[in-house]
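Dear colleague,

My notes on it follow directly after.

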Amino acid sequence: MITLENISFDYCIKCTVCTIYCPVARATHLFPGPKQSGPDTERLRIKNPALVDESLKYCSNCKRCEIACPSNVKIADLIQEAKWRYLKQKFRFRDYFMSHTDLVGSAAVKMSALVNFFMSLSIVRFFMEVFLRIPMRRVFPKYNSKTFRNWYRQEEKAQHAFQKKALYFHGCYVNYNNASLGKDLVKVLNAMGIGVIMPREKCCGVPLIANGYLTKARKNASFNIRSLANNLQNGMTVIATSSSCSYALKYEYANLLRLDNSAIFNRIEYITKYLYNRFEEGMAPKMKPVNLRAAYHAPCHLERMGGVMYTIDLLRKIPGLDLVILHSECCGIAGTYGFKKEYYDISQKIGQELFRSIERAEVELVITDCETCKMQIEMNTPYEVIHPVTLLARAIDQ
Ligand code: SF4
Ligand code: SF4
């Protein structure tokens, strides 16, 4: 029986704009592009699943095709669903390890010194390349010695004392790898008279979705929707410092996982939109000039959400910042995609134009909203890459 859950392919007017914008189709002939892998073949696949084409697996789910499409075809969603439905899912320890971030992160933090040391050894990375197909050249983020939630415990009482509060979805990266971004957020919001409340959360599901662990992704998503909804009080907003977590909570839960997130949908805001609006209401913290020239790279998922203008306008409010806005380009990493040997070269090729434009910008550092864009840019350029919230925290500190 044919069930049409995503019939947006019928709106395709065959303009091929999506294919022009697809970074993977540009980087490799192995992927025919979003039009062909999405709406064109969906019509055939639903009639005869045997017509499925293995090349679907090359789509990185960056969503750039959806940004470009004038007919609002959910191209990337069509391709993701087709991957799950029609391609054989093989168990791979590597994919399990990279997608179960709570399990791996909570264990790694407990022995972070040892894990960080072993991950820096060439011999360990050699065996990881041979047995797990994780390229030796890929740089892994270091683990915190304590989780961010652990640090937050001593702050919790003080945060509840604020009259105005926001619910913070910190995500795995802040919790296990970059607690300082979470601390920066607390500092910025507290300087604006806003307390940070952190309900219980599980991994937003982005790496689980990318690696085909849909049941687990749905379980995590249902938990997060319930936990956030139960803690939302009047006037509160759900904020996230990861553009991909934010996108997942708002759009992937409903569109891809087909869950009802209406209890939180209108209250989710990516952090820069939330801050920009508070600044406009007169709540901007006192900032001193940062006196620095920096380049801004917009992540694909933030572009898909229409959130880039808020980040740029917020950054423009930081005194002494000479901001270079980079041309919109995918960095190529796309979450766990660029950590896999079979996609590593494509991922690197996609990022070349961005890396060159950063070199040409002659800046002191790079700003971006996404943790994996940060990893990719830091690996391929000599620059430190920070989140807009970290720059705000530095401006407050001056
Ligand atoms: S999601 Fe990205 S990689 Fe996949 S088809 Fe669209 S543009 Fe191409
Ligand atoms: S951009 Fe949209 S309408 Fe144009 S070919 Fe691609 S899917 Fe079809």
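Which residues are the closest to ligand 1, and how many surround it? In this predicted model, ligand 1 is surrounded by 14 residues, and the closest are Cys 22, Cys 59, Cys 62, Lys 63 and Cys 65. Two or more residues of this shell come from each of helix H2 (23-27), helix H4 (64-68) and helix H5 (75-86). By class, the shell around ligand 1 holds 10 nonpolar, two polar and two charged residues.

Ligand 2 has 13 residues around it, of which Cys 12, Cys 15, Thr 16, Cys 18 and Cys 69 are the closest. The shell around ligand 2 consists of nine nonpolar, two polar and two charged residues.

Met 136 is found in the loop that runs between helix H9 (122-132) and helix H10 (148-153). With a relative accessible area of 34%, Met 136 is partly exposed.

I also draw your attention to an open sheet of four strands, in which the order is E6-E5-E7-E8 and the pairing is parallel. Strand E6 (321-325) and strand E8 (385-386) are the edge strands, each pairing on one side only. Within the sheet, strand E5 (residues 292-297) pairs with strand E7 (residues 365-368) in the parallel sense over four bridges. Ala 295 stands opposite Val 366 of E7. In general, the strands of a sheet pair through backbone hydrogen bonds, in either a parallel or an antiparallel way.

Yours sincerely

Definitions and conventions
Residues numbered from 1 in each chain as written. Chains lettered and ligands numbered in written order. Predicted model: local features only at pLDDT ≥ 70, side-chain atom pairs only at ≥ 80, totals over all residues. Heavy atoms only, no water. Buried < 20%, exposed > 50% of the residue type's maximum accessible area, 1.4 Å probe, protein only. Near = heavy atom within 4 Å. Nonpolar A, V, L, I, M, F, W, Y, C, P; charged D, E, K, R; others polar. Pairing = 2+ DSSP bridges.
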